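Let's take a friendly walk through a protein model.

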There are 2 protein chains.
Amino acid sequence: MPLTRLRPIEHLSQVDKIELRLQEYLRNEEFNPGDPLPKEMEIAKALGVSRTAVREAISRFKMLGIIESRRNRGMVIRRPDVLRNMQRVMDPRLLDGDTMKDIFEMRLVVELGLAHILFRRKTPEFIEKLESIARTEDGTTDRIDLLKLDVDFHSALYQMSGNETIIRFQRMLMPIFDFVDSVILQKPRMNQPLNIATHWDLIEELKGGTPTGFMHKMESHLWYFFEKI
Amino acid sequence: MPLTRLRPIEHLSQVDKIELRLQEYLRNEEFNPGDPLPKEMEIAKALGVSRTAVREAISRFKMLGIIESRRNRGMVIRRPDVLRNMQRVMDPRLLDGDTMKDIFEMRLVVELGLAHILFRRKTPEFIEKLESIARTEDGTTDRIDLLKLDVDFHSALYQMSGNETIIRFQRMLMPIFDFVDSVILQKPRMNQPLNIATHWDLIEELKGGTPTGFMHKMESHLWYFFEKI
DNA sequence: TTTGAAATATATGTCGTACATATGTCATAC
DNA sequence: GTATGACATATGTACGACATATATTTCAAA
């Protein structure tokens, strides 16, 4: 028998264990936002540990936004922000290449899937916004500026979805996108197909076309990236 | 001027402030995984606070997976898991309805956008897996079992994408999906269009069709949910 | 009786110290 | 040169003290 994985021991510190206990406590007791929690000393007594350790563990849940506390009022359950905690670790410097590739691919997937939502929620104002960006692009030649305008265009599409979670999701992943973009741009240019869809093509489809047609054009538009990853 | 929002004061505790300082410190110093951090006492001295407070703040980063520490070896920067921290707060009980609706909608978006990836990464084994599930469905009448099989079918599609982040994303959101599903099922049944695509239709398209056609069928398949939210 | 100010009780927030524990370093012995 | 043991050091845990904010009670004045 190979010793390949002979150290699944994972020295958990006292605080880590307390965190786990609290996690399962919160889940099992089925707390709702606003519900009060036991006092720090009561928890410490119940677990047989010091208040210091309990506070270190609870401090973690405070960061997650699950627990809130005020002087003499005790602690209560709070409604957390789903994306905030993912945001905290969204740093290209900390993530590995494979994860970033996955995330970038997911962006492409979302953008393709967005088509139907867009047709449902499009308004003249949003269309005008897109056209404004495209017009600015027509009068720009600087490569960096164009990259920035491209980001603006796609951001505007997300805005149009009206889905706050998707919008924030995109904004959160922006640092990763920028990073992958810069990596892709450094690679030698590959031969693009001539019939690649432009931003104007997307706008026209959005104005008078169909979701399927839009998706087709978007696929063409993103083709370049699909091939790269 | 209305007093609508005249209390943006947000009493930040000492520990919260330390957390912010450390966050900006980590960002500005451009740490990479493996890089060592100053000692707890040095940080405490530099910030003019107690070691206790510093430890409470650092404890938070340990939960995020950004910092790791070992006795006498000091603290080092670590590669965090992006989804783990989002997972922690993914509890239907803690989130509000609007957020869950957004998340559910995003699932639909992802599933539509998945089409191209699926055609690129499909294999006979995966197709067989899908057919196996569909066959089981044909021999099942119990409503709960069918719901579970439906989840299995779509999970298998995610698996097929080969994108680990997307797979985990779907798995993470499962509790929300279940919740929304149960809510939708409780509503009075709406009249479905007769030409709604079945799982078999999706499989056929996947075997001999095109990404666009698959997306079209998937759209039809998910139409019911689209209308509900 | 009502009102309002002061005293009191209480739970969290911060701090300092002491000690436990693991780990790296170094000297000593063979 | 290797092994053993002593020592130094940074984190981990615990305890006690006090600060601070807030709820509750007390009590005096209107």
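In which hand, left or right, does H8(A) pass H10(A) at their crossing? The crossing is left-handed, a term used when the near helix is turned anticlockwise from the far one by less than a right angle (right-handed if clockwise).

A few words on the ground rules. This is a predicted model, where local features need pLDDT of at least 70 and side-chain atom pairs count only at pLDDT 80 or more, while totals for chains, interfaces and linings use all residues. Residues are numbered from 1 along each chain as its sequence is written, chains are lettered from A and ligands numbered from 1 in the order in which they are written, and side-chain values use heavy atoms, leaving out hydrogens and water.

Here are two helix pairs, with helices taken as DSSP runs (H or I, at least four residues), numbered from the N terminus. Axes are lines fitted to C-alpha atoms over the stretch in contact, with angles from 0 to 180 degrees between N-to-C directions.

| Pair | Axes come within | Crossing angle |
|---|---|---|
| H8(A) and H10(A) | 12 Å | roughly 20 degrees |
| H7(B) and H8(B) | 10 Å | roughly 175 degrees |

H7(B) is therefore roughly antiparallel to H8(B) (an angle over 145 degrees). Residues in contact (heavy atoms within 4.5 Å) include B:Phe126 of H7(B) and B:Leu146 of H8(B).

H8(A) and H10(A) are therefore roughly parallel (under 35 degrees). Among the residues making their contact are A:Phe153 of H8(A) and A:Leu202 of H10(A).

Now for the chains: 57 residues of chain B touch 57 residues of chain A. About 5,500 Å² is buried between them, 62% of it from carbon and sulfur atoms; buried area is the accessible area (1.4 Å probe) that two parts lose on being put together, summed over both. In chain B, the residues losing the most area to chain A are B:Val82, B:Arg93 and B:Leu94.

The two chains also share 8 salt bridges (a side-chain nitrogen of Lys or Arg within 4 Å of a carboxyl oxygen of Asp or Glu). One of them links B:Glu19 to A:Arg88, with the closest N and O atoms 3.2 Å apart.

Terms used. Angles under 35 degrees count as roughly parallel, over 145 as roughly antiparallel, 65 to 115 as roughly perpendicular and the rest as oblique.
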